[in-house]
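Please read it alongside the sequence and the coordinates shown here.

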Amino acid sequence: MIEERARELGRLIGQSKEYQEIKRANEALGKDVPAVALLKQMEQLRTQAQQMIERGERPSQDMEQQLDGLLQKVQVLQTYQRLITAQENFDKLMQRVNEWILDGID
């Protein structure tokens with residue numbers, strides 16, 4: 001019974017406008033070639049920095065500045081902002097769902 005209800009809840013969440021907007025925003029970002037290139041570059045730098053930290057080294061000032069610069073470029077992209085907004089709205093929905101579940105438990 002619980003499994004059935006959980007699957008139904010998952011289906012309903014998947015049909016919600018908040019989830020649908022995340023899907024659309026993700027697709028739009030994936031088609032934004034300059035944004036994807038910036039995000040890949042950021043991820044490579046983050047990976048390098050993480051590896052340095054794991055080895056006990058400190059990432060260079062230049063590396064930190066590059067990351068900051070890339071982040072600033074990404075944050076102003078409309079497709080990225082749309083995804084962030086969609087994610088925030090979905091997170092709010094999931095928070096409400098969790099509260100409703102807790103109310104049901106009480």
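## Basis and secondary structure

Helices (H or I, at least four residues) and strands (E, at least two) are taken as DSSP runs and numbered from the N terminus. On that basis the chain holds 5 helices and 0 strands, and its elements, read from the N terminus, follow the order α-α-α-α-α.

The model is predicted, so that local features need pLDDT of at least 70 and side-chain atom pairs count only at pLDDT 80 or more, whereas totals for chains, interfaces and linings use all residues. Residues are numbered from 1 along each chain as its sequence is written, and side-chain values use heavy atoms, with hydrogens and water left out.

## Overall dimensions

The radius of gyration, taken over C-alpha atoms, is 19 Å for this chain, while a compact globule of 106 residues would have a value near 13 Å; the globule rule is 2.2 Å times the number of residues to the power 0.38. Along its principal axes, the C-alpha trace spans about 55 × 35 × 20 Å.

Of the contacts (heavy atoms within 4.5 Å) with a separation of 6 or more, 66% are between residues 24 or more positions apart. Buried residues (under 20% relative accessible area, with exposed meaning over 50% and partly exposed in between, for a 1.4 Å probe and protein chains only) make up 23% of the 106 residues.

## Nonpolar cores

A nonpolar core is a set of buried Ala, Val, Leu, Ile, Met, Phe, Trp, Tyr and Cys residues joined through side-chain atoms within 4.5 Å. The largest one has 10 residues in all, namely Ile-13, Ile-22, Ala-25, Leu-29, Ala-35, Leu-83, Ala-86, Phe-90, Leu-93 and Val-97. Helices α2 (17-31) and α5 each supply at least two residues of this core, and the largest share, 5 residues, comes from α5.

Leu-83 touches Ile-22, Ala-25, Asn-26 and Leu-29, when residues up to four places away in sequence are not counted. A second, separate core of 9 residues includes Leu-45, Leu-67, Leu-70 and Val-74.

## Surface

Accessible areas come from the Shrake-Rupley method with a 1.4 Å probe, and for residues only the protein chains shown count as cover. The chain exposes about 8100 Å², of which carbon and sulfur atoms supply 52%.

Leu-9, Ile-101, Leu-102 and Ile-105 form a nonpolar surface patch with about 370 Å² of accessible area together, and helix α5 (residues 78-105) gives the largest share of the patch, 3 residues. Ile-105 lies in helix α5 and is exposed, with a relative accessible area of 62%.

Key. Patches are made of residues with over 30% relative accessible area and no salt bridge: like charges are joined within 9 Å, nonpolar side chains (Val, Leu, Ile, Met, Phe, Trp, Tyr) within 5 Å. A salt bridge is a side-chain nitrogen of Lys or Arg within 4 Å of a carboxyl oxygen of Asp or Glu.
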